[in-house]
Amino acid sequence: MSFRDNLQHLRAERHMTQEQLAMLLGVSRQSVTKWEAEKSQPEMDKLLKICQIFECSLDELVTGDLTGRAAPDTAATIPAGPPTDVCGYDEHQRMMALKVPAGIAAILVGIAIGLFF
């Protein structure tokens, strides 16, 4: 199989548009269209990123036949429900929302005390 056929198959398997793939790769939709029309080939860094996105090797992508492999279970990688804060960003922002006004108040109190003495 060709790179073109593999790329089209992988996109279809994941229900991904050319525009969505282009956005993940940082290229234009027209670039993906040219790759699938075999009018141009992606650069090596883009090929490696495609391999990461579709979880395949470079050999499989460029010269192999990916139509026979089992579709990945993407439902297991996407948790159900609303997004959750896994890195503590929300808690950090809440603490900053308390610390900044407290710091400003302390500065103003210090200035006020300095004016009287």
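Trainee: Is R11 buried or exposed?
Mentor: In this predicted model, R11 counts as buried, because its relative accessibility is 13% and the cut-off for buried is under 20%.

Trainee: Where is R11 placed?
Mentor: R11 lies in helix α1, which covers residues 3-13.

Trainee: And which residues does R11 touch?
Mentor: Leaving aside residues up to four places away in sequence, R11 touches M16, T17, Q18, L21, E36 and F54.

Trainee: Turning to the helices, at what angle do α2 and α3 pack?
Mentor: Helix α2 (residues 18-25) and helix α3 (residues 29-36) pack at about 110°, and their axes are 8 Å apart. The two helices are therefore roughly perpendicular to each other. The crossing of α2 past α3 is right-handed.

Trainee: Which residues make that contact?
Mentor: From α2 they are Q18, E19, L21, A22 and L25, and from α3 they are R29, V32, T33, W35 and E36. By class, this contact has 5 nonpolar, 2 polar and 3 charged residues.

Trainee: What about α2 and α4, at what angle do they pack?
Mentor: The angle between α2 and helix α4 (residues 44-54) is about 115°, with the axes 10 Å apart. That makes α2 roughly perpendicular to α4. Their crossing is right-handed.

Trainee: Which residues meet there?
Mentor: L21, L24 and L25 of α2 meet K46, K49, I50, I53 and F54 of α4. The residues of this contact comprise 6 nonpolar, no polar and 2 charged.

Conventions. Residues are numbered from 1 along each chain as its sequence is written. This is a predicted model: local features need pLDDT of at least 70, side-chain atom pairs count only at pLDDT 80 or more; totals for chains, interfaces and linings use all residues. Side-chain values use heavy atoms; hydrogens and water are left out. Axes are lines fitted to C-alpha atoms, for helices over the stretch in contact, and angles run from 0 to 180 degrees between N-to-C directions. Helices (H or I, at least four residues) and strands (E, at least two) are DSSP runs, numbered from the N terminus. Angles under 35 degrees count as roughly parallel, over 145 as roughly antiparallel, 65 to 115 as roughly perpendicular and the rest as oblique. A crossing is left-handed if the near helix is turned anticlockwise from the far one by less than a right angle, and right-handed if clockwise. Contact means heavy atoms within 4.5 Å. Ala, Val, Leu, Ile, Met, Phe, Trp, Tyr, Cys and Pro count as nonpolar, Asp, Glu, Lys and Arg as charged, and the others, Gly among them, as polar. Buried means under 20% relative accessible area, exposed over 50%, partly exposed in between (1.4 Å probe, protein chains only).
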